[in-house]
Amino acid sequence: MAERVTLRFRGLMLERFLSRALESGVAFETVRRQSGREATLVTGAEGCDRLLKIAERFALDVVVLERQGLDALLRRMLRRATLPLALALCAALALSFLSRLWIVDIRLIDGTFDDAPIHRALEAVGVTPGTRMDAIEAKRLSLNLMAEAPDFAYIGARKQGVRLLIEATRELPAPDLYNPRAARDLVAGRDALLVSLDVMAGTAAAAPGQVVRRGQVLVRGEERDKRETTRGVCALGAALGRAWLTGVAERALVVPTLKDTGRRERASELRMPGFSLPLTRADGFAEQRVEVERLPIGGLVLPLHIVRTSFIEQERHEVSLDPESVKAEITKTALADALSQLPSGVSPVDKWVDYSMIEGGSVRARAVVEIKLNIAVARGALSP
């Protein structure tokens, strides 16, 4: 990259100076005349040296305004001896920063649960922010974390720049062992409309399309063998049922409010600890609000003050609420009530809301949430 030098000349005989420079073979990139005695020139490094010598002969005032190019940059760096050291230090710091762990991202694959055991396991194996990335071996770290956090079925580790990604899934509880000789029935865990019944062991005691009640036998724990004798078995199967959850909310369309009439009465009394003297009395009103004011008159020496009580008369008025706003409010409340009854792991299939007017000018919202789930449970699993 060739060096470009910008110079400013001031003095007399600028025209003769420029002519002499051209005769000497100096090449100008640009020439600007600010006035009859001032000019600015842009030339190369070699031309700059010649111009300075010629300007000395013509007694011109010369100022180097700017130097551009690689050579100029190197000269500036040499004049600033600490700059190369600073650049090297910045590069070393950047390299040190990028070679260490700064971000630990823990992702829980099967939902949200406590990840504190994983943080404790990382600290136990010595992996914390600031650890060198080349000291972390992802596969070995995964095995060490699983050993430190046995409640997790899987813990995987991946390095991504200055970030360590931990993916974990919690350990699933072992299913109950199926004992075919333990005779039992499968019953309905809740009231529902039976959609399908898949019997794997035992005898069906209900049919699809039938409304079953909680505790009703769905699969009887018995089977007939080839000799037409009945023997007890452990009933096994799945019963898909439709159920409906209901939430209700109610709100009045007209609500009473109290407004001031403008009439008021005042009572006052003189008080001090262990003593009170009524000054004025007031009877008050049937509907009223009360304001109390304390006026100290004794200062810091004597704890004496006047208590002034104001009784403001109020009248009852009825205010009509916006029906649509009331419906929106009770709809939200009724749906929240119905959804709060959802069994764990079950999602709504459908939902709707209907409204009805009741006595007293109130409106009631009934939210219904439809669900489908396996309702077959062992009789012993029914809560009382």
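Modeller: Strands (E, at least two residues) and helices (H or I, at least four) are DSSP runs, numbered from the N terminus. Two strands pair if DSSP finds at least two bridges between them. This is a predicted model, in which local features need pLDDT of at least 70 and side-chain atom pairs count only at pLDDT 80 or more, while totals for chains, interfaces and linings use all residues. Residues are numbered from 1 along each chain as its sequence is written, and side-chain values use heavy atoms, with hydrogens and water left out.

Colleague: Which residue in E19 stands opposite valine 255?

Modeller: Valine 319 does. Strand E16 (residues 254–272) and strand E19 (residues 305–320) run antiparallel and are joined by 15 bridges.

Colleague: What is the order of the strands in that open sheet of four?

Modeller: The order is E17-E16-E19-E18, with antiparallel pairing. Strands E17 (275–280) and E18 (288–296) are the edges, each pairing on one side only.

Colleague: And which strands form the open sheet of five?

Modeller: E11-E9-E15-E21-E20, in that order, again with antiparallel pairing. Its edge strands are E11 (211–212) and E20 (350–358). Strand E9 (residues 192–201) pairs with E11 over two bridges, and leucine 193 has valine 211 as its bridge partner in E11.
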